[in-house]
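Dear colleague,

I am handing over the structure we spoke about, and below it you will find a short account of what turned up when I went through it. Please have the model open while you read.

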Amino acid sequence: MMKLHRTPFQTILHNMFTVLEEVDGRFAFPTIAAVAKMKPDLVKMIVDEGHEVASHGYNHVRYPTLTSQERERDLRLSLQVFKKLGIDVNGFRAPYDNYTDDMPELIEQTGLIWDGGFGYRAEHREKTHFFHADISEQKSRVTYIPLNIQSDDRLIDTMGLNPQEVTKTLNTEVSNAAKTNGVIMFDLHPIRMGQPEYVGCLRDVTQHALGLGAWCTTPTEAVKYWEAHRRWKGDSKFCLLLTGDIDNWVFSDYLRRILWRRRIG
Ligand SMILES: [Zn+2]
């Protein structure tokens, strides 16, 4: 982790914007609000470049370890921070994709339109289309997006794949998604995927998806369009959503989080 943080975050984002621009791809960044507050200019830059910022909570904590009041406070506080920064936030992904069963009820009350982490649960992960959560026997207003199991931490840290292998693995998932006419979403953290050696994967995967007829847009655009038309824009065959969480800007933030976690642990 320390080595990764030697690349300044501004460079990481710049690397990503450059390759995505080549293929006209959009990216969504679920961002920890306490982190966003420290560098509002970087967060505003994301929006100015045509990408999306979502909430990743206020603190990077596991929501199931909080009380329901604390969960509500954390989520609402995060939304207040982005509002204060003048950033339009429509989506949410809980830290570590870690949800309690009743969180759809909380999310339903926030005015958010999509969630991109609840769909990482084993029972939703393999879904090929947006879905709605069950809230006291009714379908949620909020749209839930299945989250693919292939993430950068799994592919790079756990499996030790090189950039070519990462691209190959993601492309296989994209090819399968193309056959479903549905949606595929990846969580590819900027801290790894924005590094010079891996950033090209984002371009290559987007290019592969475009070749198969994908619409590569932001979750907000995709959700709004799908809910209104029940098909993809411009008769695209399927939808690729590239996302990646921002948990911290520099190594000291990462350290602070570990220390803080120890203190409460
Ligand atoms: Zn995170």
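How are H1 and H10 oriented relative to each other, roughly parallel or roughly perpendicular? Before the answer, please keep in mind that this is a predicted model. Helix H1, which covers residues 9-23, and helix H10, which covers residues 199-211, pack with their axes 9 Å apart and at an angle of about 20 degrees. Angles under 35 degrees count as roughly parallel, and H1 and H10 are therefore roughly parallel to each other. The crossing in which H1 passes H10 is right-handed. On the side of H1 the contact is made by Asn15, Met16, Val19, Leu20, Glu22 and Val23, and on the side of H10 by Val199, Leu202, Arg203, Thr206, Gln207 and Leu210. Sorted by class, this contact of H1 with H10 has seven nonpolar residues, together with three polar and two charged ones.

The next point is the metal site. The zinc ion is coordinated by His56 and His60, each through NE2, and by Asp247 through OD, at 2.1 to 2.3 Å. Along the sequence, the donor residues of the zinc ion follow the spacing H-x3-H-x186-D. His56 lies in the loop between strand S2 (52-55) and helix H4 (68-84), while Asp247 lies in the loop between strand S10 (238-243) and helix H12 (251-264), so this pair ties together parts that are 191 residues apart in sequence. Both His56 and Asp247 are buried.

Another histidine may be worth a look while you are there. His124 belongs to helix H6, residues 122-125, and with a relative accessibility of 11% His124 counts as buried, because buried means under 20% relative accessible area. Leaving aside residues up to four places away in sequence, His124 touches Phe118, Gly119, Phe131 and Pro146.

Finally, there are two backbone details in loops. Glu137 is not a glycine, and yet Glu137 has a positive phi of about 65 degrees; its place is in the loop between strand S5 (134-135) and strand S6 (138-139), and Glu137 is exposed, with a relative accessible area of 83%. Arg230, although not a glycine, has a positive phi of about 60 degrees, and Arg230 is found in the loop between helix H11 (219-229) and S10.

With kind regards

Definitions and conventions
Residues numbered from 1 in each chain as written. Predicted model: local features only at pLDDT ≥ 70, side-chain atom pairs only at ≥ 80, totals over all residues. Heavy atoms only, no water. Donors = N, O, S within 2.8 Å, 3.2 Å for Na, K, Ca; no water. Helix = DSSP H or I, 4+ residues; strand = E, 2+ residues; numbered from the N terminus. Buried < 20%, exposed > 50% of the residue type's maximum accessible area, 1.4 Å probe, protein only. Axes fitted to C-alpha atoms, helices over the stretch in contact; angles between N-to-C directions. Parallel < 35°, antiparallel > 145°, perpendicular 65-115°, else oblique. Left-handed = near helix turned anticlockwise from the far one by under 90°. Contact = heavy atoms within 4.5 Å. Nonpolar A, V, L, I, M, F, W, Y, C, P; charged D, E, K, R; others polar.
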